[in-house]
Amino acid sequence: MQPANVVLLQSDPYIAQTLAASLSNSFHRVHIAQSLDDLRYVAAKHRPFAIIVDLETATIGDVESLKQEFRNIRIVCNHRVADEAMWTLSLNVGADDCCPSDDMRGILSATIRETTIRSIAA
(Lines give C-alpha, C1' and ligand atoms only; values in the text may rest on other atoms or scores of the structure.)
Protein backbone atom coordinates (compact mmCIF):
# COMPACT_ATOMS: atom_id res chain seq x y z
CA MET A 1 0.00 0.00 0.00
CA GLN A 2 1.26 3.48 -0.83
CA PRO A 3 1.73 5.96 2.01
CA ALA A 4 -1.38 8.05 2.52
CA ASN A 5 -1.98 11.49 3.98
CA VAL A 6 -4.75 12.73 6.25
CA VAL A 7 -5.92 16.31 6.80
CA LEU A 8 -7.79 17.34 9.90
CA LEU A 9 -9.56 20.47 11.03
CA GLN A 10 -10.51 20.61 14.69
CA SER A 11 -11.81 23.37 16.94
CA ASP A 12 -9.94 21.98 19.96
CA PRO A 13 -6.12 22.05 19.63
CA TYR A 14 -5.78 19.21 22.17
CA ILE A 15 -8.05 16.94 20.11
CA ALA A 16 -6.16 17.93 16.95
CA GLN A 17 -2.81 16.98 18.50
CA THR A 18 -4.15 13.75 20.02
CA LEU A 19 -5.73 12.71 16.71
CA ALA A 20 -2.58 13.60 14.80
CA ALA A 21 -0.49 11.44 17.13
CA SER A 22 -2.92 8.49 16.83
CA LEU A 23 -3.18 8.78 13.05
CA SER A 24 0.57 9.13 12.52
CA ASN A 25 0.95 5.41 13.25
CA SER A 26 -1.34 4.51 10.34
CA PHE A 27 -0.69 7.25 7.79
CA HIS A 28 2.39 8.68 6.13
CA ARG A 29 1.60 12.27 7.03
CA VAL A 30 -1.04 14.06 9.09
CA HIS A 31 -1.72 17.71 8.27
CA ILE A 32 -3.50 19.88 10.83
CA ALA A 33 -5.38 22.62 8.98
CA GLN A 34 -5.84 25.99 10.66
CA SER A 35 -9.02 26.95 8.80
CA LEU A 36 -11.45 25.61 6.23
CA ASP A 37 -9.55 27.47 3.48
CA ASP A 38 -6.30 25.94 4.71
CA LEU A 39 -7.93 22.49 4.71
CA ARG A 40 -9.02 22.96 1.09
CA TYR A 41 -5.55 24.14 0.07
CA VAL A 42 -3.78 21.23 1.79
CA ALA A 43 -6.28 18.69 0.45
CA ALA A 44 -5.89 19.98 -3.11
CA LYS A 45 -2.10 19.96 -2.81
CA HIS A 46 -1.60 16.60 -1.06
CA ARG A 47 -4.71 14.63 -2.14
CA PRO A 48 -5.12 12.90 1.22
CA PHE A 49 -6.83 9.58 1.78
CA ALA A 50 -9.13 11.20 4.36
CA ILE A 51 -10.30 14.49 5.78
CA ILE A 52 -11.39 14.61 9.42
CA VAL A 53 -13.51 17.63 10.17
CA ASP A 54 -15.02 18.88 13.40
CA LEU A 55 -18.65 19.94 12.98
CA GLU A 56 -17.98 22.82 15.37
CA THR A 57 -15.52 24.21 12.83
CA ALA A 58 -17.34 23.33 9.60
CA THR A 59 -21.02 23.44 8.73
CA ILE A 60 -23.11 20.72 7.10
CA GLY A 61 -22.89 22.81 3.92
CA ASP A 62 -19.08 22.76 4.21
CA VAL A 63 -19.14 18.96 4.51
CA GLU A 64 -21.31 18.75 1.41
CA SER A 65 -19.03 21.04 -0.61
CA LEU A 66 -15.91 19.18 0.58
CA LYS A 67 -17.40 15.90 -0.62
CA GLN A 68 -18.21 17.48 -3.99
CA GLU A 69 -14.72 18.98 -4.31
CA PHE A 70 -12.91 15.85 -3.14
CA ARG A 71 -15.13 12.99 -4.30
CA ASN A 72 -12.59 10.21 -3.80
CA ILE A 73 -11.43 11.37 -0.38
CA ARG A 74 -12.98 9.84 2.72
CA ILE A 75 -14.62 12.43 5.01
CA VAL A 76 -15.04 11.64 8.68
CA CYS A 77 -16.91 14.14 10.85
CA ASN A 78 -16.74 14.51 14.59
CA HIS A 79 -18.44 16.62 17.24
CA ARG A 80 -18.19 16.85 21.02
CA VAL A 81 -21.95 16.33 21.41
CA ALA A 82 -23.56 13.09 20.20
CA ASP A 83 -26.23 14.78 18.07
CA GLU A 84 -27.95 12.10 15.99
CA ALA A 85 -29.79 14.64 13.81
CA MET A 86 -26.56 16.50 12.95
CA TRP A 87 -24.75 13.24 12.25
CA THR A 88 -27.56 12.00 10.04
CA LEU A 89 -27.46 15.27 8.08
CA SER A 90 -23.70 15.00 7.62
CA LEU A 91 -24.02 11.42 6.36
CA ASN A 92 -26.82 12.49 4.01
CA VAL A 93 -24.61 15.17 2.42
CA GLY A 94 -21.68 12.81 1.87
CA ALA A 95 -19.71 12.23 5.06
CA ASP A 96 -18.42 8.67 5.25
CA ASP A 97 -18.76 8.44 9.02
CA CYS A 98 -19.36 10.49 12.19
CA CYS A 99 -17.91 10.00 15.66
CA PRO A 100 -17.84 11.76 19.02
CA SER A 101 -14.77 14.00 19.36
CA ASP A 102 -13.58 12.14 22.44
CA ASP A 103 -13.75 8.73 20.71
CA MET A 104 -10.21 8.63 19.31
CA ARG A 105 -10.41 4.89 18.61
CA GLY A 106 -13.71 5.36 16.70
CA ILE A 107 -12.32 8.23 14.63
CA LEU A 108 -9.18 6.25 13.83
CA SER A 109 -11.25 3.19 12.91
CA ALA A 110 -13.59 5.24 10.70
CA THR A 111 -10.61 6.85 8.98
CA ILE A 112 -8.59 3.70 8.30
CA ARG A 113 -11.54 1.38 7.53
CA GLU A 114 -11.20 1.75 3.75
CA THR A 115 -7.40 1.49 3.92
CA THR A 116 -7.72 -1.91 5.57
CA ILE A 117 -10.32 -3.08 3.06
CA ARG A 118 -8.13 -1.94 0.15
CA SER A 119 -5.08 -3.71 1.61
CA ILE A 120 -6.98 -6.98 1.99
CA ALA A 121 -8.40 -6.72 -1.55
CA ALA A 122 -4.95 -6.05 -3.07
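Predicted model: local features only at pLDDT ≥ 70, side-chain atom pairs only at ≥ 80, totals over all residues.

Trainee: What makes S4 and S5 a pair, then?

Mentor: Count the bridges: S4 and S5 have 4, in the parallel sense. The cut-off is at least two, so S4 and S5 pair. One of the residues to look at is Val76, whose bridge partner in S5 is Asp97.

Trainee: And what holds paired strands together in general?

Mentor: Strands of a sheet pair through backbone hydrogen bonds, either parallel or antiparallel.

Trainee: What is the order of the strands in the sheet?

Mentor: The order is S2-S1-S3-S4-S5, an open sheet of 5 strands with parallel pairing. On average, neighbouring strands are turned by 20 degrees against each other, direction ignored.

Trainee: Why are S2 and S5 called edge strands?

Mentor: Because each of them, S2 (29–32) and S5 (97–100), pairs on one side only.

Trainee: Which helix packs on S3 and S4, and which on S4 and S5?

Mentor: H3 packs on the sheet by touching S3 and S4, and its direction makes about 165 degrees with that of S4. H4 touches S4 and S5, with about 155 degrees between its direction and that of S5.

Trainee: Back to Asp97 in S5. How do you know whether it is buried or exposed?

Mentor: Its relative accessible area is 17%. Buried means under 20%, so Asp97 is buried. Leaving out neighbours within four places in sequence, its contacts are Arg74, Ile75, Val76, Cys77, Leu91, Ala110 and Arg113.

Trainee: What about His79?

Mentor: His79 is in strand S4 (residues 74–79). At a relative accessible area of 9%, against a cut-off of under 20%, His79 is buried too. Its contacts beyond four places in sequence include Asp54, Met86, Trp87 and Cys99.

Trainee: How do you know whether Cys77 is in a disulfide?

Mentor: The search of the whole structure finds 0 disulfides. For Cys77, the nearest cysteine sulfur is that of Cys98, 4.6 Å away. A disulfide needs the sulfurs within 2.5 Å, so Cys77 is in no disulfide. Cys98 is in no disulfide either, with the sulfur of Cys77 as its nearest, at 4.6 Å.

Trainee: Are those two cysteines buried or exposed?

Mentor: Cys77 is at 1% relative accessibility and counts as buried. Cys98, at 10%, is buried as well. Leaving aside residues up to four places away in sequence, Cys77 touches Val53, Leu55, Val63, Ser90, Ala95, Asp97, Cys98 and Cys99.

Trainee: Which residues have the most contacts inside the largest nonpolar core?

Mentor: They are Leu39, Ile51, Val53, Val63, Ile75 and Cys77, in a core of 21 residues. Among the elements that give two or more residues to this core are strand S1 (5–9), helix H2 (36–46) and helix H3 (60–69). H2 gives the most, with 4 residues.

Trainee: What makes you say that H2 has a buried side?

Mentor: Its buried residues are Leu36, Leu39, Val42 and Ala43. They cover an arc of only 125 degrees around the axis, so they are on the same side of H2. On the other side, Asp37, Tyr41 and Lys45 are exposed. The cover over the buried residues includes S1, S2, S3 and H3.

Trainee: And how do you know that the buried residues of H3 line one face?

Mentor: The residues in question are Asp62, Val63, Leu66 and Lys67. Looking down the axis of H3, they fall within an arc of 135 degrees, so they line one face of the helix. These buried residues pack against H2, S3, S4 and H4.

Definitions and conventions
Residues numbered from 1 in each chain as written. Heavy atoms only, no water. Buried < 20%, exposed > 50% of the residue type's maximum accessible area, 1.4 Å probe, protein only. Contact = heavy atoms within 4.5 Å. Core = buried A, V, L, I, M, F, W, Y, C linked by side-chain atoms within 4.5 Å. Arc of directions from axis to C-beta. Axes fitted to C-alpha atoms, helices over the stretch in contact; angles between N-to-C directions.
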